[in-house]
Amino acid sequence: MTSVNGVDTAKLSAVVPGFEFDEKADLAQSPAWFLDGTHSVPPWTPLFGWFWINFCRHGMQYGAEKLSLPTVKGWDWRFRNGGGYLTLLLVKSEAEQKQREERFRVAIRPFIDDYDGLWKSQLDEILGRYEKLKALDLDKASNIELLDNFEQTINVCRRMWEIHMYMMYGTFTAYILFESMCRDLLQIDDTNPLFHKLISGFDNKVLRVDKRIWEFSKEADKLGLADVVLKSDPKDLVKNIESAPHGHDFMREFRAFLDEDGWRMQRMSEINMPTWIEDPAPPLANMKQFIIKGGEFNLEEERAKLGEERQAAEKEVLAKIAPEQKGWFTTLLRLAQKSGVFSEEHDHYLDLYMHALMRRSAMGIARRLVGAGTIESADDIFFVIPEEIRKVALAPEQFDLRQIVHARRAAWREWCKTPNPPVILAGGFDMDQAMGVLVKSNDPIALKVVVGSMPVVRPEIKADLHGTCGSPGVAEGPARVIMSEEELADVQPGEILVAATTSPSWTPVFSFIKGVVVDRGASLSHAAIVGREYGIPVLMNVFVGTQRIKTGQRIRMDTNMGALFILDK
Amino acid sequence: MTKKWIYALEELGREHIDLVGRKCAHLGEMTKLGMHVPQGFAISVDGFERYMRETGLGARIATYFASKGPDIKKSVQSQMDASRAAKAMMTETPLPDEMADGIVRNYEALCARFGAPDMPVAVRSSGTVSMPGQMETYLHVRGAPEVLRRVHEVWESTFNTRAIAFRLEKGMPAYTAPIGVAVIRMVNAKSAGVILTVVPTTGDLDHAVIEGNWGLGESVVSGDITPDNFIVDKRTLAIERKVSRKTRWVISTGTGTAKADVPFHMQNAPCLDDAEIHELVRVALNVERHFGAPQDMEWVIDRDLLLPDSVVWVQARAAKYAAPRKEADADYIANQMARLFRQ
């Protein structure tokens, strides 16, 4: 008897119809399903899970098909208790691999011939679609217009994932080839500091937003608002600044900045928390941290230094390349250098921006449903799925979704209490075999974002933990263990951030911390890229960092050796 | 005895740019490489300077510019005034008789070589540096008085406003300029166009590209029409043809040139036959070998002469093209990417 809060959960419709994990059928299809720990821990709300499972899945298959990747047709996804579980769709016959390889050679050419032009055309398209969604005034719209806006949001989300995965597969394929060539010709891989120097020191949109927040910290200081900011708790920042002298003008400017660049979520892959536009507290908390740190924005200087180091590294490397190989090697190097920029910019323009628009459209409907009594509070909408929204949107007062919301919310609370298993395996199939499948797929995203490389344990250095180098360097300082976005405001300058993974919305803190330790990560994961651009060390694939390290403990990390030492035990 | 100031093209080579200007020096160099160029002669930079000196015009114009002071640099209006004044002074100053005689004698000798009195010629400027606003070209010029008039006009172009502005900007003297003149036989063009010994868009060095149209080459260079396109394998000489429908051409009218409709029966016919294409490629590859770099060359097929004499060259310069190997590099990268998936 499955019952939560008196509602029979067996009678509840599936959260993602057609894609609920079905142990028997799904393990027959594939013996190993991996939890997407980067995006679905903590568990998704039903509405967000519906979007992700449907369209991330579609986008990956679209990208793999459009590029005709020889060995993989993207990933299949299932939903289980708020977790996203994935498995790879391998190309089964060698004959088909050969055919796909032929087409791949042609399909990949736009990335080689004009990468910047390609990325710009994709961005222009999706940003144009976003503007159309934003054009509707949700509170004045009719029920018909509101539902239409929501349906269009679904379509734009699907298109966003197509662009996302097509670009990501193409970009990362180039990166992997460059790394492979570096291994052959220079005997270095992408955990080597020289390799990192070759691909760092580039500007991107996320870093430019960070710089704007820093500029606002200077502006606040100039207007005499620094004291108010320093004395305010993050949640009171808006209110306190608004009521201070010059504070109103300051906030007007800050909101104008957010109207442009605040289309982002606090959590990378969820829509149940306010965007920066709705709640400026998180970026204001970042601004406060800049004021505490004082001094100049170190990123500019750091960027110039990284740029010089990159040029020196390029010179060093090119001197070792035979003249007849220089042509393609240089082209490939330039292409690999785009990977970092793409990784950050796609988070900003694709994931975060789209999610903010999904939230906007859903909240528009939510307010209407609350008004009609269909649901109790606006955030009930995250426990409703699009099929149900379609059912009630035009005549909301005729329907009551409260029972469903109660049951789903209760179920979701249960999901949050019990972590999803990292992998679901068929009987007789072990983790090593499962990882073998991932590697065999040659799937560029699986290799460079999800799996990463395994740390080399060196007993002679007596380290407490081992990891792989995501960004080179050595750092020592107090640890700050962060389990969720809400704790970000606690991070103090000079600390070393310890987390499961990091999200792009966390970048502002990178400018005043000393280093980053993450349980999971690969060279194209967010923490590694941003760490390299800020010139701070990043140690990845430590696996148990968040369990073994406690906030306040002094730690020393040496990414060149792949080692972490806990100094106060 | 005055210094020599008229040269036959065969006397010249690329070392003579300062003497006769680029155009003439290049035509001379091309004859050395065994290319047929339109026969003719060059009036050297000294020729222009002698005219300016002997007539006293140089001094008068120099005085005029000096009187304007340094402010002329900033004022387009004074530059336009200076252009008008200098040209007016030139117009009322004919060539000294001895100089006029020298040009007429050379023109008549050229006509005699072809047994064609009042033979049409082209009169082209030949600056020692490439200079905007000073590129006058007169086609189909007939008879000694006309030739003299056009030479005089080429010299006048030295005082076009843009040319003056350019010299002022570069800190060169405004009142004079090193300019030569080419006087060359007008080719009775059956067809004309360009050949590149590299595919410019891809940097492919294994093929030559020919583009051509009926009539004079202006229609091809200007991009008004879609020309015929021939891609020739430089090793096997295999020809890949893209013959276009060519509706417009540029023809000689007896007093100049004009755009006109191509006769219907010629519109869909290729403007070159295989023998002509192979001759173009043969010569172009020789020139490419000589300079050790891909070439961009302009050709004309003379309807009055037989192959190979009918292939006449009017221009040869280093080709601009996409970085070589770019295409090959991209192919290599795409192949290597494909291989990644096989591991």
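Visitor: In chain B, how many residues of domain 1 and domain 2 are in contact?
Guide: 14 residues of domain 1 of chain B are in contact with 21 residues of domain 2. Keep in mind that this is a predicted model.

Visitor: Okay, where does the domain assignment put the two domains of chain B?
Guide: Domain 1 of chain B takes in 6-185, and domain 2 takes in 189-323. Taken over C-alpha atoms, the centres of the two domains of chain B are 29 Å apart.

Visitor: What area is buried between domain 1 and domain 2 of chain B?
Guide: About 1,500 Å², with carbon and sulfur atoms giving 60% of that.

Visitor: And how many salt bridges between those two domains of chain B?
Guide: The count is one salt bridge. Arg185(B) and Asp302(B) meet through their side chains in a salt bridge, at 2.7 Å from N to O. For polar contacts, the count between domain 1 and domain 2 of chain B is three residue pairs, both residues at pLDDT 80 or more.

Visitor: Which elements give two or more residues to the domain 1 side that touches domain 2 in chain B?
Guide: Helix H2 (22-32) and strand S4 (137-141) of chain B. The largest share of that side comes from H2(B), with four residues.

Visitor: Switching to sheets. What is the strand order in the sheet of five strands in chain B?
Guide: The order is S1-S2-S5-S3-S4 in chain B, an open sheet with antiparallel pairing. Strand S1 (6-8) and S4 of chain B are at the edges with a single partner strand each, so one side of each has no neighbour in the sheet. From one strand to the next, the twist averages 20°.

Visitor: How many bridges pair S3 with S4 in chain B?
Guide: Three bridges, in the antiparallel sense, with S3(B) covering residues 121-127. Across that pairing, Arg124(B) stands opposite Thr137(B) in S4(B).

Visitor: Which strands of chain B does H2(B) lie across?
Guide: Strand S2 (40-43), S3 and strand S5 (179-185) of chain B; H2(B) runs at about 115° to S3(B). Helix H7 (residues 144-156) of chain B also packs on the sheet, touching S2, S3, S4 and S5, and its direction makes about 150° with that of S5(B).

Visitor: Now the other one. What order do the strands take in the sheet of six strands in chain B?
Guide: S9-S8-S7-S6-S12-S13 in chain B, open, with antiparallel pairing.

Visitor: Why is one side of S9 and of S13 in chain B left without a neighbour in the sheet?
Guide: Because strand S9 (239-242) and strand S13 (311-318) of chain B stand at the edges, each having a single partner strand. Neighbouring strands of this sheet are turned against each other by 20° on average, direction ignored.

Visitor: Over how many bridges do S7 and S8 of chain B pair?
Guide: Six, in the antiparallel sense, between S7(B), residues 207-214, and S8(B), residues 228-233. Glu211(B) has Asn229(B) in S8(B) as its bridge partner. As for helices, H11 (residues 274-291) of chain B packs on the sheet, and the strands it touches include S7, S8 and S12 (295-302) of chain B. The direction of H11(B) makes about 145° with that of S12(B).

Visitor: Last topic, chain A. How many residues are in contact between chain B and chain A?
Guide: 16 residues of chain B are in contact with 24 of chain A. The buried area between these chains is about 1,800 Å², 66% of it from carbon and sulfur atoms.

Visitor: How many salt bridges does the count give between chain B and chain A?
Guide: Two salt bridges. Asp331(B) forms a salt bridge with Arg109(A), where the closest N and O atoms are 2.4 Å apart. Five residue pairs, both at pLDDT 80 or more, are in polar contact between chain B and chain A.

Methods. Residues are numbered from 1 along each chain as its sequence is written. Chains are lettered from A and ligands numbered from 1 in the order in which they are written. This is a predicted model: local features need pLDDT of at least 70, side-chain atom pairs count only at pLDDT 80 or more; totals for chains, interfaces and linings use all residues. Side-chain values use heavy atoms; hydrogens and water are left out. Two strands pair if DSSP finds at least two bridges between them. Axes are lines fitted to C-alpha atoms, for helices over the stretch in contact, and angles run from 0 to 180 degrees between N-to-C directions. Contact means heavy atoms within 4.5 Å. Domain bounds come from an automatic or database domain assignment. Buried area is the accessible area (1.4 Å probe) that two parts lose on being put together, summed over both. A salt bridge is a side-chain nitrogen of Lys or Arg within 4 Å of a carboxyl oxygen of Asp or Glu. A polar contact is a pair of N or O atoms within 3.5 Å; within protein, one must be able to donate a hydrogen and the other to accept it, and residues adjacent in sequence count only if both atoms are side-chain atoms.
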